[in-house]
Amino acid sequence: LAHTPCTKRLRPVCASSTPSTRSPISLSLLLQVATRGVMLRSLAVCSLISAHVASTDAFAVGGKLPNLALSAPRQNVMHRSNPLSAARMTLAEPSSESEVWKGTETLNNELLVRIDDQWYDLSRWRRAHPAGSHWIDLYKNQDATEVMYGFHSDQGIEMIKRLPKAKAAPEGVAPVSESTRNFRKWREELLAEGWFDRDWRHEAFNLVSWATWVTAGIMLAQFPVLGAQFGAVFVLAVANTVAGWLAHDYVHGRGKFADFMRPFGSFCAGMSPTWWSEKHNLHHARTNEVGKDEDIATDPALFLWAPDPKNDAPWRKFQGMYLPLPMSMLFFLWRFDSITTAIDRKNKGELIGLACHYAVMLSFVPPATFIGALFLSGFMTAIITTVTHQTEDLFFDEEPEFVEGQFRSTRDAECSNPFSEWLWGGMQYQLEHHLFPTMPRYKYPALVPRVKAFAEENNLSFRVTPEFPLLKRNVDLYHKVATLPPAPGAKGSRPEGVARTDVTSIVANVAVGTKTPP
C-alpha cells in the first residue's frame, strides 16, 4: 500500500527523463520509494509491538490480536533496552481444554478479571502478559483496578479498551467497597492536580547528592590508611543505599525521564531493573500476603511467625542474637539474583551495565573496602525496608482489597533528623508510596495530611511510629518469634510445588528440605 501511490506519482518523472539520466534518477527514486515503504511497514510493526511492550511496568496487559499473543511472559517491559527481542509471536491457545497454563494453579483455564467495574476474559491473554501469566492468575475472579492504574504506563492503561470483555461476571465476588471507590476518585483528583508530575530540581538534587557521596567514597578509598578505608566503607555504603533508592524511583517512575534513567539500576546500583521490578511489584500488589509477597519470605535465616515443624530450623531460637548478619547480606543476595536474572534472560543491556558497574568500582576501590561497604549498606537498607511492614498485619488466608490491605500492612516512620529523612529515601512514607507507587517520592511529605484525612473519612487506620521505636518494635518481633514453639499446619512463606531460583529460596530448600522442584 505504501509503494503503489508513490510509484504512480513518480512514473511521469521517470518517463520524462532522458535516456542518459533516466537510469540513475529511476534508481534513486525507486530506492526512496522502497525505503519509504520499508520504513512505513517497520513503523507499523513497531507500533503493534509497542502497544504491548511500551508499558513501563512489569505487568502491563496486552491488547487483542487474532489468535496471536506476545510470548514474553518473563520479559520485563520496564527495562526496554531491546523490546523487539521480547516480541516473538506464538499461538496463545492451549493444546487441549484441560491444559494447565504455565504459571496457573488451577485446572480451570477461565480467567476473569475486573477493572473499573468491567469484567474481562483474559483466558487467552495470560501468556501475552509481559511479566508472566502468574501475575494475572493472581487476580482470577478478583478486582485488579488499583494494580492496573498503580503499576502501568499510560500506554498500558489505554490497552484496557482492547481487552476482550467477559460475557458474564463470575459468581460470589464481593462488590467494590466504598473506601475503594473513594480512593479511585481521590487518585483521579491527585492526577488532575499534578501530584504525579516530576520536578527537575528535586530530581537533580537526588542525583547530585548520590554523585557527591560516591565520589567522596572513591576518593577516600585512594588513601592506603586504615582510617581512610573505614571512612570509605561508610561513605560508599551510604552512596550504595542512595543509589538503590534512585533505581527504585526509576523502576516505579513513569514518563520519558524515568524511562531514560532506568538503566541507572544496573550501571550505578549494581542491580537488575528486570529482576527488581518483578520481585518488588509483586510485593506492592500483594503486600504481606503469605506465600505471595517475597519480602516476608525471610526464612530460614529469619522467621516472622512460628513455622510448621517441617519448615523450622534449629537456629531460630537464636535469631534475635544473629539478626544483623542476615540483614547485612541483603545486597549480596540482591546482586546475585540480579546477575543470574540478567544471564537467564540474556539481557545484554543489563549485563553490560552490571559489568561496567563492577569494573569501575573495583578499579578504584579495594575489594575489601567494596565488600565492607556492601555489608554496611545491606544492613542499613534492610532495616529501612523491613520495619514498615513486618510488624503489621500478615495475611495467611485472607486477600483484602488493595486499599484496605495497604493500610493494614504498612506503617510510616517519623525520622528524627534531616540526615535520616534523606537516607530513608522516601521509605519513611511507606504507606503513601504503596498507595501511589508512581508518584515521585518528594511529593509524599505534603501528601501525608491528605492520607490521614482519607483514613479518618473511610474508617481506616493510619499507622505511624518514630524511627527508633519502630526499629525496636521490629527487633522485639524477632526475639518473640524465637521463643515460640513450632506451629503444626502453619503456612509456609513460599508456595509449595512452585519452582524458585532466587538465592534465598535455594538456601531455604537446602536448609530445611523444602520440596521445591528444581
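Cys268 is partly exposed in this predicted model, with a relative accessible area of 25%. Cys268 takes part in no disulfide, and the nearest cysteine sulfur, which belongs to Cys356, lies 10.0 Å away. A disulfide would call for sulfur atoms within 2.5 Å. Cys356 is partly exposed as well, at 34% relative accessibility. The structure as a whole holds zero disulfides.

Three strands form an open sheet in the order β4-β3-β5, with mixed pairing. The edges are taken by β4, residues 118-121, and β5, residues 142-143, each of which pairs on one side only. Strands of a sheet pair through backbone hydrogen bonds, in either a parallel or an antiparallel sense. Here, β3, which spans residues 112-115, pairs with β5 in the parallel sense over two bridges. Arg114 stands opposite Asp143 in β5.

Several features of interest fall in the loop between α11 and α12. Helix α11 covers residues 273-285 and helix α12 covers residues 319-322, with Phe318 placed in the loop between them. Asn288 is found in this loop too. Although Asn288 is not a glycine, its phi is positive, at about 60 degrees. Asn288 is also buried, because its relative accessible area is 0%, under the 20% limit for that class. Pro300 is another residue of the loop between α11 and α12. A cis peptide bond joins Pro300 to Asp299, with omega at about 15 degrees.

Together with Trp315 and Met321, Phe318 makes a nonpolar surface patch of about 340 Å². Phe318 itself is partly exposed, with a relative accessible area of 42%.

Asn459 sits in the loop between α20, residues 444-457, and β7, residues 464-466. How accessible are the two asparagines, Asn288 and Asn459? Asn288 is buried at 0% relative accessible area, whereas Asn459 counts as exposed at 73% relative accessibility.

Technical notes. Residues are numbered from 1 along each chain as its sequence is written. This is a predicted model: local features need pLDDT of at least 70, side-chain atom pairs count only at pLDDT 80 or more; totals for chains, interfaces and linings use all residues. Side-chain values use heavy atoms; hydrogens and water are left out. Patches are made of residues with over 30% relative accessible area and no salt bridge: like charges are joined within 9 Å, nonpolar side chains (Val, Leu, Ile, Met, Phe, Trp, Tyr) within 5 Å. Accessible areas come from the Shrake-Rupley method with a 1.4 Å probe; for residues, only the protein chains shown count as cover. A salt bridge is a side-chain nitrogen of Lys or Arg within 4 Å of a carboxyl oxygen of Asp or Glu. Helices (H or I, at least four residues) and strands (E, at least two) are DSSP runs, numbered from the N terminus. Buried means under 20% relative accessible area, exposed over 50%, partly exposed in between (1.4 Å probe, protein chains only). Two strands pair if DSSP finds at least two bridges between them.
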